[in-house]
Amino acid sequence: MIITEEKTKINILGTEYTIFTNVSEQEKPFMKENDGVTDFTTKEIFIAILDDGDPMNMQNMRVYEDRTIRHEIVHAILFESGLDHNTKWARNEEIVDWIAIQAPKLFHIFEKLEVKS
């Protein structure tokens with residue numbers, strides 16, 4: 001039996017969020033058909049059980065889990081910055097996914113150019 005694990009606590013724009021992994025639909029019914037959910041009311045990020053042993057899963061579920069965590073962190077950033085309430089694009093799954101997928105590539109480019117924050 002897989003048990004929900006508290007992965008870490010992170011600071012998102014001054015607000016502490018807790019990330020939980022291996023979250024089942026039985027524990028949290030809102031996980032139904034979701035790989036990740038960000039609950040802005042409790043400041044928690046939930047990541048589903050992504051590797052259930054099914055041989056039809058992707059070959060490297062760790063890569064997929066990392067991408068899912070990045071996706072949910074982008075949701076939290078947009079919420080904490082106030083954009084989630086005021087724009088439609090900030091709730092758009094396509095743009096959130098684009099940011100989550102492209103962020104490592106962007107950071108790599110910035111690092112290579114030695115562009116500092």
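Strands (E, at least two residues) and helices (H or I, at least four) are DSSP runs, numbered from the N terminus; two strands pair if DSSP finds at least two bridges between them. The model is predicted: local features need pLDDT of at least 70, side-chain atom pairs count only at pLDDT 80 or more, and totals for chains, interfaces and linings use all residues. Residues are numbered from 1 along each chain as its sequence is written, and side-chain values use heavy atoms, with hydrogens and water left out.

**View 1. The hairpin of β1 and β2.** Two residues lie between the strands of this hairpin, where Leu-13 takes a positive phi near 50°. β1 and β2 run antiparallel and are joined by seven bridges. Opposite Glu-6 stands Phe-20 of β2.

**View 2. The open sheet of four strands.** The strand order is β1-β2-β4-β3, and the pairing is mixed. β1 (5-12) and β3 (36-39) each have a single partner strand and stand at the edges, so one side of each has no neighbour in the sheet. On average, neighbouring strands are turned by 20° against each other, direction ignored; axes are lines fitted to C-alpha atoms, for helices over the stretch in contact, and angles run from 0 to 180 degrees between N-to-C directions. Four bridges pair β2 with β4 in the parallel sense, and Ile-19 has Ile-45 of β4 as its bridge partner.

**View 3. Helix α1 on the sheet.** α1 lies across β1, β2, β3 and β4 and runs at about 40° to β1. Contact means heavy atoms within 4.5 Å.

**View 4. The largest nonpolar core.** A nonpolar core is a set of buried Ala, Val, Leu, Ile, Met, Phe, Trp, Tyr and Cys residues joined through side-chain atoms within 4.5 Å; buried means under 20% relative accessible area, exposed over 50%, partly exposed in between (1.4 Å probe, protein chains only). Among its 17 residues, Tyr-17, Met-31, Ile-45, Ile-47 and Leu-50 touch the most other members. Two or more residues each come from β2 (15-23), β4 (44-48) and α1 (61-80), with α1 giving the largest share, five residues. Another core, of five residues including Val-74, Leu-78, Val-96 and Ala-100, lies apart from it.

**View 5. Aromatic pairs.** Rings of Phe, Tyr and Trp (its six-membered ring) pair if their centres lie within 6.5 Å; planes under 30 degrees apart count as stacked, over 60 as edge-to-face and the rest as tilted. The count is three aromatic pairs. Phe-40 and Phe-79 are stacked, because their ring centres are 4.2 Å apart and their planes at 10°. Phe-40 lies in the loop between β3 and β4 and Phe-79 in helix α1, so the pair ties together parts 39 residues apart in sequence. Phe-79 is buried, with a relative accessible area of 16%. Ring pairs also link Phe-20, Phe-30 and Phe-46 into a cluster.
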